[in-house]
Amino acid sequence: MPNTVIIGAQWGDEGKGKVIDILAERTDYIVRYQGGNNAGHTVVIGPDKFVLHLIPSGILHKGKKCVIGNGVVVDPRALLDEIEMLGSKGIEVDGRLFLSETAHVIFPYHKVLDELKEQKKKKIGTTKKGIGPCYADKVARLGIRVVDLLDKDILREKLENNLEDKNAILTKIYNADAFDIEKLYREYLDYGEKMRKYVCDTTVLLHDALKRKKSLLFEGAQGTLLDVDHGTYPFVTSSNATSGGAATGTGVGPNRIDKVIGVVKAYTTRVGEGPFPTEFSDDLMDTIRHKGGEFGATTGRPRRCGWFDSVVVRHSVKINGLDELVVTKLDVLDDLDSIKVCTAYRYNGRIYKDFPADVKVLNGCEPVYEQLPGWKADTTCITSYMKLPKNAKRYLKRMQKILGTKIVLISVGSERRQTFSSE
Ligand code: GDP
Ligand code: IMO
Ligand code: MG
């Protein structure tokens with residue numbers, strides 16, 4: 001398979017985990033390049049459901065190599081718990097999980113700072129996993145990296161330096177408790193020892209794989225509209241969830257990437273605060289939420305639901321250079337009499353076909369909809385495009401036309417077998 005990046009083309013939870021699991025079969029290396037355990041990627045295999053937060057979703061295929069790249073922020077406790085969870089289900093990661101030595105480490109003070117910021121009235125609705133504060137330290141050049149956990153002198157020095165500031169902020173600004181250096185130091189030194197066997201220079205590893213003509217599958221987390229540069233700032237995550245992040249987050253040059261595929265739901269969801277022009281304001285919110293099981297895979301929060309927004313996805317097509325699309329959760333729309341697709345926004349008498357950067361426009365705009373007939377039939381057992389109801393095909397064709405991008409794969413359920421190509 002060509003070296004491929006898979007990204008979420010909406011606000012996350014598009015079904016990337018399922019798609020990665022399917023494509024992993026034909027790939028040698030599966031690589032996470034940004035985000036952390038704010039991600040929740042679900043893979044359903046028969047009666048087993050796996051939710052992966054940090055380890056690439058390819059891990060469920062025996063023998064596949066999985067890489068956590070330098071662009072990821074790693075909570076060691078979360079990583080070790082995930083390794084243990086997989087082990088308890090008979091999936092061994094030793095010898096095929098590789099952790100970048102330059103990935104930044106999430107500490108408990110990052111989580112506490114995330115939680116404290118979220119108590120404010122103007123919150124973002126984060127996952128409270130410490131993602132934002134950890135990336136902030138990385139950019140401020142204060143961060144502690146995986147390699148630092150492997151050297152007791154460096155860890156102590158960096159932790160002392162960090163705690164001096166963090167404890168002052170916690171106690172003086174937030175009136176919260178300070179962290180004890182000794183306890184934290186011992187805990188993280190221990191994590192370092194436990195993770196040591198996975199740690200390596202993953203850039204060298206990936207370049208060596210490329211030299212040996214192995215194929216790479218880059219697993220994006222979150223989604224384009226949560227990207228810190230291209231999303232609905234400030235209601236975004238703190239990393240580049242778009243395809244560009246695959247290069248910076250791994251050290252593999254963009255010219256080694258052959259293809260970029262975007263995953264979209266047949267409708268739209270978002271978790272947390274921030275603008276969402278096509279959000280349902282009626283009973284459909286509850287109907288789709290329950291039919292689609294739209295509750296966060298990481299935090300369990302109910303996801304906000306709305307109609308398919310092609311202004312959002314056209315933005316994604318551009319930003320990521322999408323070559324192809326995968327449409328998931330088509331089955332969730334099975335019972336509807338009619339289905340709307342947003343083709344543009346209207347604000348103050350002006351029509352926006354391109355995604356506006358101004359949050360004021362996004363909050364105040366009125367979506368311009370096109371209405372299509374529903375298909376009112378169960379699609380969950382369908383195994384080929386030809387067998388889809390006529391109106392389901394019409395919906396997909398219209399989507400493809402509006403987006404100007406080919407739909408290559410369609411998903412009608414969470415299981416592997418509930419997937420077929422558009423041919
Ligand atoms: P990710 O973060 O993009 O990997 O997506 P999540 O795992 O957070 O959320 C997607 C949810 O939808 C999971 O519960 C999947 O099992 C489920 N899912 C994936 N594809 C389909 C589909 O085609 N139909 C239905 N009904 N569920 C799906
Ligand atoms: P996957 O990979 C959906 C959202 C949070 C919040 C914002 C910032 O499963 O698609 P953060 O904790 O990252 O600082 O929160 O981003 N968010 C996600 N929403 N899917 C995700 O990941 C998300 N990861 C973060 O809800 O709005
Ligand atoms: Mg998810």
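This is a predicted model: local features need pLDDT of at least 70, side-chain atom pairs count only at pLDDT 80 or more; totals for chains, interfaces and linings use all residues.
Strands of a sheet pair through backbone hydrogen bonds, in either a parallel or an antiparallel sense. One residue pair may be located here: I68 has L99 of β7 as its bridge partner.

Attention now turns to K16, a residue of helix α1, which spans residues 16–24. The relative accessible area of K16 is 3%, below the 20% limit for a buried residue, and K16 is therefore classed as buried. Its side chain makes a polar contact of 2.9 Å with the side chain of E14. Leaving aside residues up to four places away in sequence, K16 touches I7, G8, H41, G220, A221, Q222 and V263.

Two further helices complete the account. Packed helices are described by the angle and the distance between their axes. The axes of α5 (residues 152–173) and α6 (residues 181–195) come within 10 Å and cross at roughly 140°. The two helices are therefore oblique to each other, and α5 passes α6 in a right-handed crossing. On the α5 side, the residues that meet α6 are K152, L155, R156, L159, E160 and L163. Their counterparts in α6 are I181, E182, L184, Y185, Y188 and L189.

Methods
Residues are numbered from 1 along each chain as its sequence is written. Chains are lettered from A and ligands numbered from 1 in the order in which they are written. Side-chain values use heavy atoms; hydrogens and water are left out. Two strands pair if DSSP finds at least two bridges between them. Helices (H or I, at least four residues) and strands (E, at least two) are DSSP runs, numbered from the N terminus. Buried means under 20% relative accessible area, exposed over 50%, partly exposed in between (1.4 Å probe, protein chains only). A polar contact is a pair of N or O atoms within 3.5 Å; within protein, one must be able to donate a hydrogen and the other to accept it, and residues adjacent in sequence count only if both atoms are side-chain atoms. Contact means heavy atoms within 4.5 Å. Axes are lines fitted to C-alpha atoms, for helices over the stretch in contact, and angles run from 0 to 180 degrees between N-to-C directions. Angles under 35 degrees count as roughly parallel, over 145 as roughly antiparallel, 65 to 115 as roughly perpendicular and the rest as oblique. A crossing is left-handed if the near helix is turned anticlockwise from the far one by less than a right angle, and right-handed if clockwise.
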